[in-house]
Amino acid sequence: MEPVKVRIREHEYLVKGGENEQEVKRIAEYVNSKLKEIYDTSEGLSEKKAAILAALNIAGDYFQLLKEKEALLKQIKQRTESLIFTIDSSIS
């Protein structure tokens, strides 16, 4: 896969990843939006501190999604078991 040029704040980067070009650009836009949130709510932060705070926010989003995924999988498992029990009960 060819490197994709993305812009994060005032810097351009060539990113080579397993994703297609549109996905790499979408990810870069997400990172930019997180950085913008940090800069809009905090004054005088260095670029390094803003990047660290954005990374922490992104990690927080990621772990929240993992938690939601686990809850959904648990709910699906419970519903599946309930349906199997209902089907087994009606067959017997």
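Leaving aside neighbours within four places in sequence, V4 is in contact with Y13, L14, V15, E21, V24 and K25. The model described here is predicted.

**Nonpolar core**

V4 also belongs to the largest nonpolar core, which has nine residues in all: V4, V6, I8, V24, A28, L35, I38, A50 and A54. Two or more residues of this core come from each of β1 (4-8), α1 (21-41) and α2. The greatest contribution is that of α1, which gives four residues.

E19 lies in the loop between β2 (11-15) and α1. Residues up to four places away in sequence not being counted, E19 touches M1, V24 and I27.

I52, L53 and L56 make a nonpolar surface patch of about 270 Å². L56 is found in helix α2, which spans residues 47-91.

**Accessibility of two residues**

| Residue | Relative accessibility | Class |
|---|---|---|
| E19 | 40% relative accessibility | partly exposed |
| L56 | 54% relative accessibility | exposed |

L56 counts as exposed because its relative accessibility is 54%, and the cut-off for that class is over 50%. E19, at 40%, counts as partly exposed, because this class lies between under 20% and over 50%.

Notes: Residues are numbered from 1 along each chain as its sequence is written. This is a predicted model: local features need pLDDT of at least 70, side-chain atom pairs count only at pLDDT 80 or more; totals for chains, interfaces and linings use all residues. Side-chain values use heavy atoms; hydrogens and water are left out. Patches are made of residues with over 30% relative accessible area and no salt bridge: like charges are joined within 9 Å, nonpolar side chains (Val, Leu, Ile, Met, Phe, Trp, Tyr) within 5 Å. Accessible areas come from the Shrake-Rupley method with a 1.4 Å probe; for residues, only the protein chains shown count as cover. A salt bridge is a side-chain nitrogen of Lys or Arg within 4 Å of a carboxyl oxygen of Asp or Glu. Buried means under 20% relative accessible area, exposed over 50%, partly exposed in between (1.4 Å probe, protein chains only). A nonpolar core is a set of buried Ala, Val, Leu, Ile, Met, Phe, Trp, Tyr and Cys residues joined through side-chain atoms within 4.5 Å. Contact means heavy atoms within 4.5 Å.
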